[in-house]
Amino acid sequence: MSDTAKTQVLFAYSPGWKIHDQFLARCQQDSLARERVEWTLLPPDELCPEVLSQAEIIVCGHFAREWLPYCHRLRWIQFLGAGIEGSLSPELLTSDIILTNASGVHAVPIAEHVCGILLMFARGLHRCVRQQMRAEWNRDGFREQVRELHGATLGVVGLGAIGTAVAERGKAFGMRVIATRRNPQQKAKCVDLLLSSAQLPDLLRESEYVVLCVPLTPETRGLIGERELRLMRRDAILVNIARGRVIDQSALIRALQEGWIAGAGLDVFDPEPLPADSPLWQMPNVIITPHVSGVTPHYGARAAQIFLHNLHAYLAGDLAAMTNVVDKQAGY
């Protein structure tokens, strides 16, 4: 590339996703991005072979499998999300294209969302909200049901960016925090006991609150099934902000109906949207949110920060300095 040539960046934006204006505004504040990048902005349904063939970098939420044959110059894809399993076709995984995700962009809002769910269960707020909708004043049983987070054990399954943020907030509440990580040699100050992925049963047996923070991969699909649910404490609360398919949903419904566990806070489901006839909607020991735990007004700016860090490294030829590079074998 000559000194005057600009790097062609295709931004395949989704109309209606308001993070894009914020993302581009942040990129325009960066002098290197202004001087060295030529942007093409198109929604995915308007992409054509000619446009795809010119792109050296693609920024997108989802990379469609049918685009790849036309991407003759493509060297790097920056995804705007953390979970990219739907884009990882066999052809893309075997290519030499660099893949980076937006891992970490959700950490703050999701961790705060988890705290909200933990507090609702601990203080009985989910019950209070339902009573409020019925204009019902009922204090019966609260003394027996309410607990404190302080001193309770929080189990974090998957100590990545989100899991770490959850663990940090758990420690701030005075909780004992145990967690699993694929590489438990990478210690974390916010965790009292760090376990390997194979030690998940130990975490499930000990934790009063279990938060699933793992990516969806072949190894984590169905990670929590009947066996795992029966290992959990009968007073345990299970929180899933990962992916719906990490849990065997039919087994979870049985566990909640039959009292294997005390309750569940669910932001993700299989399928989505959650069908109106699902028993989960009517369960008093379930808190449902419609896959919104990662929503934040700062999403675009945070995603742009990740992209700009990687762009600077890429343009400098220092590929080793790029962050959030996807391990194609692991799938995240």
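1. Start with helix α6. Its face turned away from the buried side carries Gln132 and Met133, both exposed. Exposed means over 50% relative accessible area, buried under 20%, and partly exposed in between, with a 1.4 Å probe and protein chains only. Helices here are DSSP runs of H or I with at least four residues, strands are runs of E with at least two, and both are numbered from the N terminus.

2. A word on the source. This is a predicted model, in which local features need pLDDT of at least 70, side-chain atom pairs count only at pLDDT 80 or more, and totals for chains, interfaces and linings use all residues. Residues are numbered from 1 along each chain as its sequence is written, and side-chain values use heavy atoms, with hydrogens and water left out.

3. Now the other side of α6. The helix spans residues 125–133, and His126, Arg127 and Gln131 are buried in it. Viewed down the axis of α6, the buried residues fall within an arc of 135°, so they line one face of the helix. The arc is taken from the directions that run from the helix axis to the C-beta atoms. Those buried residues pack against α5, α7 (142–145) and β12 (286–288). Contact means heavy atoms within 4.5 Å.

4. What follows α6? Ala135 does, and its phi is positive, near 50°. Ala135 is not a glycine. Most residues other than glycine have a negative phi. Ala135 sits in the loop between α6 and α7. At 74% relative accessibility, Ala135 counts as exposed.

5. Next, a helix pair. The axes of α5 (residues 107–123) and α8 (residues 161–172) come within 8 Å and cross at roughly 45°. That makes α5 oblique to α8. Angles under 35 degrees count as roughly parallel, over 145 as roughly antiparallel, 65 to 115 as roughly perpendicular, and the rest as oblique. Axes are lines fitted to C-alpha atoms, for helices over the stretch in contact, and angles run from 0 to 180 degrees between N-to-C directions.

6. Which residues of α5 and α8 meet? Ala107, Val108, Ile110, Ala111, Glu112, Val114 and Cys115 in α5 meet Ala161, Ile162, Ala165, Val166 and Arg169 in α8. The residues of this contact divide into ten nonpolar, no polar and two charged. Ala, Val, Leu, Ile, Met, Phe, Trp, Tyr, Cys and Pro count as nonpolar, Asp, Glu, Lys and Arg as charged, and the others, Gly among them, as polar.

7. Helix α11 spans residues 249–258. Its buried residues are Gln249, Ala251, Leu252, Ile253, Ala255 and Leu256. They pack against α10 (226–231), β10 (237–240), β11 and β12. Gly259 follows α11 with a positive phi, near 80°.

8. Look at Ala264 in strand β11 (residues 263–266). Is Ala264 buried or exposed? Ala264 is buried, with a relative accessible area of 0%. Leaving out residues up to four places away in sequence, Ala264 touches Phe121, Leu238, Leu256, Asn285, Val286 and Ile287. Ala264 and Ile253 are eleven residues apart in sequence and 9.7 Å apart in space, C-alpha to C-alpha.

9. Check the loop between β11 and β12, where Pro271 is found. A cis peptide bond joins Asp270 to Pro271, with omega about 10°. Pro273 is also in the loop between β11 and β12. Glu272 and Pro273 are joined by a cis peptide bond, with omega about -5°. Most peptide bonds are trans.
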